[in-house]
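Student: Could we take a close look at a single part of this structure? I would like one connected answer.

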Amino acid sequence: MHYTTAHEDTELIQLLTPDGELRDHPDYPLDISTEEIRDLYRDLVLVRRVDTEAVALQRQGELGLWASLLGQEAAQVGSGRALRANDMAFPSYREHGVAWCRGIHPKELLGLFRGVTNGGWDPYEHGCQLYTIVIGTQNLHATGYAMGVQRDGALGEDGTAVISYFGDGATSQGDTNEAFNFAAVNNAPVVFFCQNNQWAISEPLERQSRVPLYQRARGYGFPGVRIDGNDVLASLAVTRQALRSAREGQGPTLIEAFTYRMGAHTTNDDPTRYRVSAELDEWKQRDPILRMRAYLSDQGIAGDAFFTEVDSEADDLGERVRRECRELPEPDPLDIFREVYAEPNSHIDRQRADFAEYLASFEDAGANEGR
Ligand SMILES: Cc1ncc(C[n+]2csc(CCOP(=O)(O)OP(=O)(O)O)c2C)c(N)n1
Ligand SMILES: [Mg+2]
């Protein structure tokens, strides 16, 4: 008996090889301009820079925590750019690339990880809900939202599709499996986008499933596909098609983006405790940015001037991210009580008053010490 066969790359959809060669796929024609290809490269580089800066800011004590997306840029940017303005995304906590594509400014993400905001952004303004830490729960939210879209009669060619982002570990959660079934029996317009980054903190993929994750969909009665998650073009083309199918009333699709979490689970984690460095070295060969760069240069779509321009844009962005993080305003400690219920609530009012009194006790103590 052996466990590895279930996760071999038997049906991996790949349009761009790790060496940067473009391969046609009969089911997923790539309908994209050279300008859009350059923009995807730019997105990948800028998103990685935001991530690198955020890790550094955490190390400098400016953030409480950060969950790095290193290695997962292509899965996120490809699928994020497949979304239209009136689609709705339900992210987990590592979806900085998706947030980027939805026009959410990096400082909104930093505010969350700095602990100065309880939420972040207006989900309706961006077509992107707030980050979810509770593993798998957003799959239920997304399914419910998608059923709402059906009931609003908002399907059709120009209608709304919903996408939910989650990890390999989340596939073991009850919420995810309930969402799959609910979405299937209701034919809900939702795309389940699983970033299989091979790890759920220190638990390897083999601890989550005896079958490849994308094959799970079949048991619920909807299609599942596995893409090369480090291939931004495959992510774009396959997600576009799945969203179209959802919009046009053909129900859910599961996309398993086969990728790798190149960094730690979060800045609190040390992956050298549970995985070997050879694994990381192997995945470095499949880096999502390097293959796009190779493709762009080999095809003469972009040259040194373009790469230098993107790098300097990334430097400017890095500088802005560092500055804006430090400038984020401190919240009033009592704000948290204002954001529990939409309507006034006597219990919350009492707790707020108690907490205000508690805070004031420090001021009194400070006064007594002559500060
Ligand atoms: C319901 C629930 N159980 C446990 C946790 C603790 N937890 C945080 S991240 C994580 C692993 C998730 O792994 P995966 O779904 O693969 O996502 P990844 O972090 O790899 O992106 C766990 C178990 C949680 N946040 N929520
Ligand atoms: Mg994972």
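Tutor: What covers the buried residues of α4? The cover includes α1 (34-59), α3 (96-101) and α12 (304-327). Keep in mind that this is a predicted model.

Now go through the helix itself. Helix α4 spans residues 106-114. Its buried residues are Pro106, Leu109, Leu110, Gly111, Leu112, Phe113 and Arg114. Here, buried means that 20 or more other C-beta atoms lie within 10 Å of the residue's own. Seven of the nine residues of α4 pass that test, so the helix is largely enclosed by the rest of the structure.

An α-helix has 3.6 residues a turn, so residues three or four places apart point the same way.

Next, look at what follows the helix. Gly115 comes after α4, and its phi is positive, near 80 degrees.

For context, turn to the sheet. It is open, has six strands and runs in the order β1-β7-β8-β4-β3-β2, with parallel pairing. β1 (12-13) and β2 (88-90) are the edge strands, each pairing on one side only. Two bridges join β1 to β7 (residues 224-228). In one of the pairings, Ile13 has Ile227 of β7 as its bridge partner. Helix α9 (residues 232-247) lies across β1, β3, β4 (190-196), β7 and β8 (253-258). Against β8, α9 runs at about 170 degrees.

Key: Residues are numbered from 1 along each chain as its sequence is written. Chains are lettered from A and ligands numbered from 1 in the order in which they are written. This is a predicted model: local features need pLDDT of at least 70, side-chain atom pairs count only at pLDDT 80 or more; totals for chains, interfaces and linings use all residues. A residue is buried if 20 or more other C-beta atoms lie within 10 Å of its own, exposed if 12 or fewer, and partly exposed in between; C-beta atoms are placed from the backbone. Helices (H or I, at least four residues) and strands (E, at least two) are DSSP runs, numbered from the N terminus. Two residues are in contact if their C-beta atoms, placed from the backbone, lie within 7 Å. Two strands pair if DSSP finds at least two bridges between them. Axes are lines fitted to C-alpha atoms, for helices over the stretch in contact, and angles run from 0 to 180 degrees between N-to-C directions.
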